[in-house]
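These are my notebook entries on what I looked up in this structure. I began with the ligand surroundings and then went on to the helix packing.

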Amino acid sequence: MMNVSVIGTGYVGLTTGISLAFLGHRVTCVDIDERKIDGLKAGLMPIYEPGLEDLLNSSEERIRFTTSYEAAVSEAEVLIFAVGTPANEDGSPNLTYLFGAADDVISHLIGKETPTVLVNKSTVPVGTADTIADKIKAFGLEDRVSIASNPEFLRQGRAVADTLYPERVVVGGGDAAVQTLRRMYEVLVEQRFEAPSFAPRPEGVEAVPFMSVDLRSAELAKYAANAFLAMKISFINEIANVCDAVGADVRRVADIIGTDARIGKSFLHAGIGYGGSCFPKDTRALHHIADTNGYDFKLLAAVIEVNGAQKFKLIEKARESLGSLQGKRIAVLGLTFKPGTDDIREAPSLPIIEELVREGAEVRVHDPIALEKSRPQLPVGVQACVSVQEALLGAEAALLVTEWPEYAGIGAEQLKAWMDRPLWIDGRNAFADQYGQELEYRGVGIRGGASRQPAHVHP
Ligand SMILES: NC(=O)c1ccc[n+]([C@@H]2O[C@H](COP(=O)([O-])OP(=O)(O)OC[C@H]3O[C@@H](n4cnc5c(N)ncnc54)[C@H](O)[C@@H]3O)[C@@H](O)[C@H]2O)c1
Ligand SMILES: O=c1ccn([C@@H]2O[C@H](COP(=O)(O)OP(=O)(O)O[C@H]3O[C@H](CO)[C@@H](O)[C@H](O)[C@H]3O)[C@@H](O)[C@H]2O)c(=O)[nH]1
């Protein structure tokens, strides 16, 4: 058991803190947001993340929430930074929160006798850990305080499982810091815990690779991972656009190329592109990092450009079917950047809605989780509907933006009864098999919209 403090209680910090407490450590979670901390003390989850509240209930006696750095720093052997690093105008990450937190922590480290490892889990430009190390040296604390980079690869909506069963734990830093973190992660790495019923251990997971590297490689690996995944999405979206042009079905093309183990099946779902708090920001950041270091990362620039345009394919398809959108009632289903989260950061829904409004459409939107949260960001005149029926009533087209499982329950007969014209434009190719034959259906990279059989594999 170790004393660990986590600075920042967002998606990453809160999941990390609760998971480390679940694994047996004594954890202090700190945030500058008093409302968040008061809520957490009262047992209120500030985010929607399946299983996280259950995990907290299993570890409550080992975790505390505070706004006090004093409490967080004095006893901690390991101190993990998990504050936000949002994008600046020029694409570079804003490090104000991280450096602010680091300065506060360092001021409380002065006079502390026992060793402390400062761990950065936020996604940051290469060299950030070195900058914090310089701050430590400036206060003469380098004998007792060491630095590590421990990038995080969890996905929102699956944060608990991704944290308990990660594909690897990556630690960048010197020997002492790496050894301390190996100890902190021992139970996780060796999978020596009873899997909770709400997050069962995936089959075949017996241990987690623990990979130690130098600081800079760890920092860059995080961006490289996200950029590669974003590249796969933009690649398959371009193939989808070619499918639309030549009359092929991108789902079948993805099935076929995905069976090649060198390519892999995952992240080949074509649609309206990636959103969220990570891929858009991290691809821009990596491009900026390369650029400021004298390297023009052309492939990444194309990945970003393709993604920027892809979301508007839905509107093109609506125009092709309906002509001008002026005065047309259009339902937008789903606001979050993907299902399973309440997060609307960089969600494709928002620019799509703005463009529909700009073209004069009468827009009605629905989301099962994020409707209230989204209201302040919706353009004037957009009607936020609490039921999917209300959003679809009298609509001339439905634009599926987030593939919430709830939408799979709507039958074609209901759609025909509710909508003025049952035109279903599927931004996630999620309902081609369900609606392809029965409605006026348009997917992304699916010829004519007709449902087809999956590729037949002959024995
Ligand atoms: N969200 C993800 O899925 C994910 C996954 C991997 C990595 N990351 C990276 O992790 C970092 C955190 O992301 P997030 O989504 O959890 O952010 P978030 O915005 O959900 O949470 C950040 C939290 O930090 C708090 N904070 C800001 N300044 C602080 C300070 N000085 N002291 C204490 N608390 C402070 C904020 O109040 C907020 O609660 C980012 O760098 C992000 O790129 C995110
Ligand atoms: O085949 C696919 C897969 C994903 N997406 C979209 O890509 C975005 C991101 O999806 P996902 O990766 O599931 O969500 P995040 O929670 O943003 O997680 C990513 O970003 C995190 C923050 O850096 C990393 O930790 C994770 O490993 C990385 O998957 C979403 O808009 C998805 O709809 C597609 O369009 N097609």
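**Ligand 1.** I looked up which elements line ligand 1 and found that α1 (11-22) and α5 (96-109) each supply at least two residues of its shell; helices here are DSSP runs (H or I, at least four residues), and strands are E runs of at least two, numbered from the N terminus. I noted that 26 residues surround ligand 1, the closest being Gly8, Gly10, Val12, Ser122 and Thr123, where a residue is near a molecule or strand if its C-beta atom, placed from the backbone, lies within 6 Å of it. By class I recorded 11 nonpolar, 11 polar and four charged residues in the shell around ligand 1, with Ala, Val, Leu, Ile, Met, Phe, Trp, Tyr, Cys and Pro counted as nonpolar, Asp, Glu, Lys and Arg as charged, and the others, Gly among them, as polar.

**Basis.** I kept in mind that this is a predicted model, in which local features need pLDDT of at least 70, side-chain atom pairs count only at pLDDT 80 or more, and totals for chains, interfaces and linings use all residues. Residues are numbered from 1 along each chain as its sequence is written, while chains are lettered from A and ligands numbered from 1 in the order in which they are written. I read an average pLDDT of 95 for the protein, with 98% of the residues scoring at least 70; pLDDT is the predictor's confidence in each residue, from 0 to 100. For the model I also noted ipTM 0.98 and pTM 0.95.

**Ligand 2.** I counted 22 residues around ligand 2, of which Gln156, His269, Tyr274, Gly276 and Cys278 come nearest. The elements that give two or more residues to this shell are α10 (215-246) and α12, and α10 gives the most, with three residues. I listed the shell around ligand 2 as 10 nonpolar, eight polar and four charged residues.

**α10 with α12.** I then followed these two helices and found that their axes come within 9 Å and cross at roughly 115°; axes are lines fitted to C-alpha atoms, for helices over the stretch in contact, and angles run from 0 to 180 degrees between N-to-C directions. That makes α10 roughly perpendicular to α12, on a scale where angles under 35 degrees count as roughly parallel, over 145 as roughly antiparallel, 65 to 115 as roughly perpendicular and the rest as oblique. I traced the contact to Tyr223, Asn226, Ala227 and Ala230 of α10 and Phe279, Asp282, Thr283, Ala285 and Leu286 of α12, two residues being in contact if their C-beta atoms, placed from the backbone, lie within 7 Å. These contact residues divide into six nonpolar, two polar and one charged.

**α10 with α11.** I found α10 and helix α11 (residues 250-258) packed at about 135°, with their axes 9 Å apart, and the two helices are therefore oblique to each other. The contact is made by Ile236, Ile239, Ala240 and Cys243 of α10 together with Val250, Val253 and Ala254 of α11, and by class I noted seven nonpolar, no polar and no charged residues.

**α12 with α13.** I listed Thr283, Arg284, Leu286 and His287 of α12 against Leu300, Ala301, Val303 and Ile304 of α13 as the contact residues, which divide into five nonpolar, two polar and one charged.
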